[in-house]
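Please look at the sequence and the model below, and keep both in view while reading this report on strands, sheets and helices.

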Amino acid sequence: MLQVRNLDLSYGDAQALDGVSLDVPAGAIVAIVGANGAGKTSLIRTIAGMLRPSRGEILWKGRDIAGQPSHVVCDLGVGQVAEGRQVFPTLSVRENLLMGSMLARGRARRAANLERMFAMFPRLADRHAQLAGTLSGGEQQMLAIARCLMGEPELVMFDEPSLGLSPAMVQQVLGAVVELNRAGLTCVLVEQNVAVSLRLASRAYVLENGRVTLSGAGRDLLEDDRVRQAYLGL
Ligand code: ATP
């Protein structure tokens, strides 16, 4: 569904991605693992059209979308839930959700999708009129996910969705990712909780200094000595 080929990205003289290639099959959960500064967020933002690569292809269902603006990429069905949630703090929960359906793709079924989100995340329904900035961290993460889903994406890239959440909330958020995947959503998961993300992922890539250094089935990487030493402290 998504194929990244030889992607390079630089911030001025500093190269953040160096020849990155990866495949995301339809229906999969693909994990991207790496230390701080490895380039995970840069990769997601480049695929999402927020950063322009200096080289390489991003094939979405066979069409090269590299360098397309983010609203075009989003309207083609590629969604992202950004690191740090980034809800609109002074808008209500309902208004935040509606902001997720501004593009053509999600606009037609806006009302139905709003009801679907409230059914999927009852906590958001309870708090529909509350300002998003006053929600707990976990609730804000749910809102960020639901807002993304309002755009009817076929693939969602989740950047550190459990960062800073309590253990119970981490379970809920990752549980939501698994449920969405079971319902047909293709997922790219960047997660500081490496063991959990490898367990969930059918395929995983290890990113180091902007390069893919290892890839394979999530469960195989979980057994790999290099991964165990570097990321699992074993
Ligand atoms: P983290 O887990 O800490 O978010 P990451 O794997 O997502 O790390 P990136 O945020 O993609 O890594 O950063 C990759 C490299 O690019 C780092 O060396 C970082 O300092 C650099 N970088 C990221 N954003 C910018 C920017 N806006 N300007 C300059 N350099 C940047």
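## A helix across the sheet

Which strands does helix α1 lie across? Helix α1 (residues 40-47) lies across β3, β6, β7 (155-159), β8 and β9 (203-208), and runs at about 150° to β7. Helices (H or I, at least four residues) and strands (E, at least two) are DSSP runs, numbered from the N terminus, and angles run from 0 to 180 degrees between N-to-C directions, with axes being lines fitted to C-alpha atoms, for helices over the stretch in contact. Helix α8 (residues 167-182) also packs on the sheet, where it touches β3, β7 and β8 (contact means heavy atoms within 4.5 Å), and its direction makes about 155° with that of β8.

## Basis of the model

This is a predicted model, in which local features need pLDDT of at least 70 and side-chain atom pairs count only at pLDDT 80 or more, while totals for chains, interfaces and linings use all residues. Residues are numbered from 1 along each chain as its sequence is written, and side-chain values use heavy atoms, leaving out hydrogens and water.

## The six-stranded sheet

Six strands, in the order β6-β7-β8-β3-β9-β10, form an open sheet with mixed pairing, where two strands pair if DSSP finds at least two bridges between them. Because β6 (78-81) and β10 (211-216) stand at the edges with a single partner strand each, one side of each is left without a neighbour in the sheet. The twist averages 20° from one strand to the next.

Within this sheet, β3 (residues 29-33) and β8 (residues 186-190) pair in the parallel sense over four bridges, and Val30 has Val188 in β8 as its bridge partner.
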